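Q: Could you take a close look at how the strands pair in this protein? Please then follow what packs against them.

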Amino acid sequence: MSHSGSTYSGAPASKIGRRGFLKATLVMGAAAAAPVGSSAQTQGAAAGNPALGNEFVIRAGHILSMDGDVGDFASGEVHVKDGRIVAVGEKLSVAGIEAVDATDMIVMPGFIDTHSHLWNAFLRGSIRGDDPVRGYFPTTNRAAPLCTPDDASASARFGLLEALLSGTTCINNFSHNTRSVEHANAEIRASIDLGVRTRYSYGTPGRGERLDTTGVEAVRKQWATGHPLITVGVNLQTPAPDILKSGGDDDKFVAEARFAKELGLPVSLHYGNTAHGLVAFMDKHDLLGPHILFIHTQGLTEAERNTLVAKNVQFSMSPAIEIPYSTVRNGYIQFAELEQLGASLSLSVDASSAMATADFFTVMRALQWSHKQRADVDRTLEPKRILEIATLGGARALGLDREIGSLTPGKKADIILVRKTDLNIAPVIDPYFSLVFSGGARNVDTVIVDGVLVVKSGQHVRVDGSDVVAKAEQAGRAMHEKLEHIIANTKESVEQLNKKG
């Protein structure tokens, strides 16, 4: 099919995907990352990499808009101009502009990961599941104080690249090892270099340490309005279990939560087996609201669920982590209960170092698996609902649903193209079913963020993927040697290491 204007064609099914990324065999242009404030499109073009202009149309794709008013189209078009979606329809009156050929591809909004610890992605080779010595918590607790800004940068770039190749266009970077402003800036610049829309959630450098409010304000001042891809939030450590259990107070936690609210910064926090009583504590101090993102939906009582939903709190489920790691400690994933209440639900990877992948398709399937396994609830969960949670649900959880999460005219153009003819997914009859049941990162052909082409034919167009992997591997191996030395010489008990997590 021919169109007016130049045409960019997607890759054939045989092109490399996530497996190639992990093997560091991507063949890309060695373009330098676009500096802050520069045009990514101009940088890509200058380096000889493919780039889209300020206006283009995606044609002949199977459109899943995730917007009930817009609808879906078996063969439709998406018109993009100046980074925003202008129109979506079966046949648009657009001629003479650049065209993206989406034949045999699904065109949809990118996935939104509402909770990911990018600083420890490079520890993937060192973490051994729930092993008491080399498991996630003891490993990250040992590594955290040794992590330099260079380590944080290498790790974040590694995690972000894999996320992009999985079709993730927006991430809440829950950085619970923000050791300095330099560490924060290293991770934020990684997001800009890779072209990923990011909320950077500034955190603390260890359990028991308090939020560096001066650092938060410095990062907020520099980035909150300084780049179109970056927003800033905080993540807070919950009060100590004995305080929550006794009904006591934690004035410092309350002060940090109010500090964030006064600055208009969204708050992310973990809920787990050491946080029972947190809902009542926060409610007592009037700290609950739509700016709060509760991560992990396990162990909540009926009264707590009702309170959280009534206060319009947001929720992030990490089923691919919660099934193997958290279920035995804090109960099953309470998707059914929260869904029945109409809660604002989203999905997240959590830690690709522990999950051993950042593939968002795996996250979607894990939600389905965990829900279908339960015999005590209505187990109906349609693939379309899972896709909605993975896209528009994530946007709502991050307060960005007016800007992203669906292919709606006026919203930012965060769009992915997924091949329908690859061996593992073909034939695609119902695209929702195929994406959830059969899809994988290997099928993601094209990723566009803020109207900018960042992935084409399963390869990043601005950074050298093999270099990203090599630097993460180098940093990871160096850290592993340090960790093994600590293990060989430490007298710290396994119980003490795990308590720190």
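A: **Strand pairing and its surroundings**

Strands β2 (residues 55–64) and β3 (residues 72–81) run antiparallel and are joined by 7 bridges. Within this pair, G61 sits opposite G76 of β3. All of this is read from a predicted model.

β3 also pairs with β4 (residues 84–89), again antiparallel, over 5 bridges. Here K81 faces R84 of β4. The two strands make a hairpin with 2 residues between them. One turn residue, D82, has a positive phi of about 50°.

Next comes the parallel sheet. Its 8 strands follow the order β7-β8-β9-β10-β11-β12-β13-β14, and the sheet is open. The edges are β7 (111–116) and β14 (344–347). Each has a single partner strand, so one side of each lacks a neighbour in the sheet. From one strand to the next, the twist averages 25°.

Strand β13 (residues 314–317) runs parallel to β14, and 4 bridges join them. M317 has L347 in β14 as its bridge partner.

Helices pack on this sheet. Helix α6 (residues 213–223) touches β9 (197–202) and β10 (230–235). Its direction makes about 165° with that of β10. Helix α14 (residues 360–373) is in contact with β7, β8 (168–175), β13 and β14. The direction of α14 lies at about 80° to that of β7.

Now the nonpolar packing. The largest nonpolar core has 109 residues, and M282 and F294 have the most contacts inside it. Helix α4 (residues 149–165) gives the most to this core, with 9 residues. F294 reaches beyond its sequence neighbours to touch M282, along with residues including L269, Y271, L278, V279, L300 and L308. F294 also touches Q314, F315 and S316, and these fall within the 314–317 span of β13. A second, separate core holds 21 residues, among them V78, I85, L407 and L453. V78 falls within the 72–81 span of β3, and I85 within the 84–89 span of β4.

V254 belongs to helix α8 (residues 251–262). It counts as buried because its relative accessibility is 6%, under the 20% cut-off. Leaving aside neighbours within four places, V254 contacts F281, H285 and L287. V254 and H285 are 31 residues apart in sequence, yet their C-alpha atoms are 7.4 Å apart in space.

What about cysteines? A search of the whole structure finds 0 disulfides. C147 counts as buried, since its relative accessibility is 4%. C170 is buried as well, at 1%.

Finally, the whole protein. It has 18 helices and 18 strands. Of its 501 residues, 60% count as buried. Among contacts with a separation of 6 or more, 75% link residues 24 or more positions apart. The accessible surface comes to about 19300 Å², and carbon and sulfur atoms account for 50% of that area.

Conventions: Residues numbered from 1 in each chain as written. Predicted model: local features only at pLDDT ≥ 70, side-chain atom pairs only at ≥ 80, totals over all residues. Heavy atoms only, no water. Disulfide = S-S within 2.5 Å. Buried < 20%, exposed > 50% of the residue type's maximum accessible area, 1.4 Å probe, protein only. Core = buried A, V, L, I, M, F, W, Y, C linked by side-chain atoms within 4.5 Å. Contact = heavy atoms within 4.5 Å. Pairing = 2+ DSSP bridges. Axes fitted to C-alpha atoms, helices over the stretch in contact; angles between N-to-C directions. Areas by Shrake-Rupley, 256 points an atom, 1.4 Å probe, with all protein chains shown as cover.
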